[in-house]
Amino acid sequence: MLGKFFKKPADDMNGRVPPGQSLTSRFPVLTYGPAPRYKLEDATLKISGLAEAREFSWPQLRALPQTTLTYDIHCVTHWSKLDTTWTGIRVTDIMPLLSLKPEASHVMIHSVGGYTTNLSLDDFVRPENLLAYRFDDKPLETEHGGPLRLVVPHLYFWKSAKWISGLEFISADAPGFWERNGYHMRGDPFKDERYSDD
Ligand SMILES: Nc1nc2c(c(=O)[nH]1)N[C@H]1C(S)=C(S)[C@@H](COP(=O)(O)O)O[C@H]1N2
Ligand SMILES: [Mo]
């Protein structure tokens, strides 16, 4: 009974801060390897796997509705940042343009430079998930994934692939870069799903 109270930090902002996380007002950069540098006009999104193959150019993506959303982000390295504001294209505005095969259940996100991360379609196709190109009403900086990155705020931030280049639809879950290196396959911060043995 008491343990239940004591486990909950007094400053969890009414449940907004997941267990084991501390708030930061900075915006730390976490990248494995070098950051690629290219213009937004040159960004493309390649659709592959269990979907009709196609490639979106930036003008084709830019023609979709533009959405600005504010939400909290949580990194597995124990920092959380509240009220971050992103502008981009909703995943739910792109999905109706894709012809998925019925077997598709997951997606492997691909980035320029080879980074990958896996998501179930349930986690990917959510109205708050964005292909973001602006942060804080400014063009997204290179080190934070500019010109174009995925933002999936309900999971740890390693799922939010920077410099996104492709969506590969697959019929079973498979590990991406960090997931092969010990991170959890799903990564829900509120369930403390940091490593594969959590
Ligand atoms: N392409 C790519 N995307 C990536 C990463 C990376 O190394 N390469 N790092 C991930 C990790 S571990 C985190 S915590 C966030 C960090 O985003 P930030 O640098 O904007 O804080 O990006 C994620 N997306
Ligand atoms: Mo991370």
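**Notes on a predicted model with one ligand**

User: Is leucine 98 buried or exposed?

Analyst: Leucine 98 is buried, at 10% relative accessibility. Buried means under 20% relative accessible area, exposed means over 50%, and partly exposed is in between (1.4 Å probe, protein chains only). This is a predicted model, where local features need pLDDT of at least 70, side-chain atom pairs count only at pLDDT 80 or more, and totals for chains, interfaces and linings use all residues. Residues are numbered from 1 along each chain as its sequence is written, chains are lettered from A and ligands numbered from 1 in the order in which they are written, and side-chain values use heavy atoms, with hydrogens and water left out.

User: Where does leucine 98 lie?

Analyst: In the loop between helix 3 (91-94) and strand 6 (106-111). Helices (H or I, at least four residues) and strands (E, at least two) are DSSP runs, numbered from the N terminus. The C-alpha atom of leucine 98 is 6.8 Å from that of alanine 51, although the two are 47 residues apart along the chain.

User: And leucine 61, where is that found?

Analyst: Leucine 61 is in helix 2 (residues 58-62). Its relative accessibility is 0%, so it counts as buried. Leucine 61 and aspartate 93 are 32 residues apart in sequence, with 9.8 Å between their C-alpha atoms.

User: New topic. Which residues are closest to ligand 1?

Analyst: Pro28, Tyr32, His144, Arg149 and Lys162 are the closest of the 20 residues that surround it. To count as near, a residue needs a heavy atom within 4 Å of the molecule.

User: How many of the shell residues are nonpolar, polar and charged?

Analyst: The shell around ligand 1 has 13 nonpolar, four polar and three charged residues. Ala, Val, Leu, Ile, Met, Phe, Trp, Tyr, Cys and Pro count as nonpolar, Asp, Glu, Lys and Arg as charged, and the others, Gly among them, as polar.

User: What lies 2.6 Å from an oxygen atom of the ligand?

Analyst: A backbone N or O atom of proline 28. For the ligand's nitrogen atoms, a polar side-chain atom of serine 111 lies 3.3 Å from one, and a polar backbone atom of serine 160 is 3.1 Å from one. Taken alone, ligand 1 exposes 530 Å², and the protein buries 97% of that. Those areas come from the Shrake-Rupley method with a 1.4 Å probe.

User: Which contact joins threonine 87 and threonine 68?

Analyst: A polar contact of 2.8 Å between their side chains. A polar contact is a pair of N or O atoms within 3.5 Å; within protein, one must be able to donate a hydrogen and the other to accept it, and residues adjacent in sequence count only if both atoms are side-chain atoms. Threonine 87 is in strand 5 (residues 79-90) and is buried, with a relative accessible area of 4%.

User: Backbone now. Which peptide bond is cis?

Analyst: The one from glycine 146 to proline 147 is cis, with omega near 15°. Proline 147 lies in the loop between strand 9 (138-139) and strand 10 (149-151).

User: What is the phi of aspartate 137?

Analyst: Positive, about 65°, although aspartate 137 is not a glycine. Aspartate 137 sits in the loop between strand 8 (130-135) and strand 9, and is exposed, with a relative accessible area of 57%.

User: And the phi of aspartate 192?

Analyst: Also not a glycine, aspartate 192 has a positive phi of about 60°. Aspartate 192 is in the segment after helix 5 (177-180) and is partly exposed, at 32% relative accessibility.
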